[in-house]
Amino acid sequence: MECPRKLRVVLWVWIVLLGVWVAVFGGIFLILVYRLVMGLQENPLGIDLALLVIVSALTWVGVYLIKKCLGLMKGERRSDLFLRIVAGLNLLQIPMGTALGIVTFVVLGDSEVKIFLNNGELPMTKERLIEEVERLKQQ
């Protein structure tokens, strides 16, 4: 099953923003490494080393999220939990992240996207469960 167009657009926007994230934190990482190697820092084992580890971790988190978005577009692992967590985190980044998070939640509510994320069938709701029980009773 092919990824719905709405979801693909949202994922590509995420990938672009995450690419900027990786570029910024990767650049900060390189600057910090350069300053430590050149001896420009007075206390290389203090806060600068901790900052280096944090920036490095944030860079790899961005790379991992890009990989997950690309995998989702290929149809590898279909779970809306990842999308909902990232959309919730986007809501905290005012103003663009908030708009992207809201659009993501709206797109996740679309029936075509729900079917895609649930391996080709609609998610189980109370009404659908009652219909399924009635159908099984009739058989």
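## Overall fold

Walk along the sequence and the pattern reads α-α-α-α-α-α.

As for how the chain packs against itself, take the contacts between residues at least 6 apart in sequence: 63% of them join residues at least 24 apart.

## Burial and surface

The protein has 139 residues, and 29% of them count as buried. Its accessible surface comes to about 9,500 Å², with 67% of that belonging to carbon and sulfur atoms.

Mean pLDDT for the protein is 78, and 88% of residues reach 70 or more. Among the elements, helix 4 (residues 96-108) has the highest mean pLDDT, at 86, while helix 2 (residues 47-74) has the lowest, at 76.

A word of caution before you zoom in: where pLDDT is low, the predicted coordinates should not be read in detail.

## A look at Leu 32

Leu 32 sits in helix 1, which covers residues 5-37. With a relative accessible area of 10%, Leu 32 falls under the 20% cut-off, so it counts as buried.

What does Leu 32 touch, leaving aside residues up to four places away in sequence? Its partners are Leu 51, Leu 52 and Val 55. Take Leu 51: it is 19 residues from Leu 32 in sequence, yet the two C-alpha atoms are 8.4 Å apart in space.

Key. Residues are numbered from 1 along each chain as its sequence is written. This is a predicted model: local features need pLDDT of at least 70, side-chain atom pairs count only at pLDDT 80 or more; totals for chains, interfaces and linings use all residues. Side-chain values use heavy atoms; hydrogens and water are left out. Helices (H or I, at least four residues) and strands (E, at least two) are DSSP runs, numbered from the N terminus. Buried means under 20% relative accessible area, exposed over 50%, partly exposed in between (1.4 Å probe, protein chains only). Contact means heavy atoms within 4.5 Å. Accessible areas come from the Shrake-Rupley method with a 1.4 Å probe; for residues, only the protein chains shown count as cover. pLDDT is the predictor's confidence in each residue, from 0 to 100.
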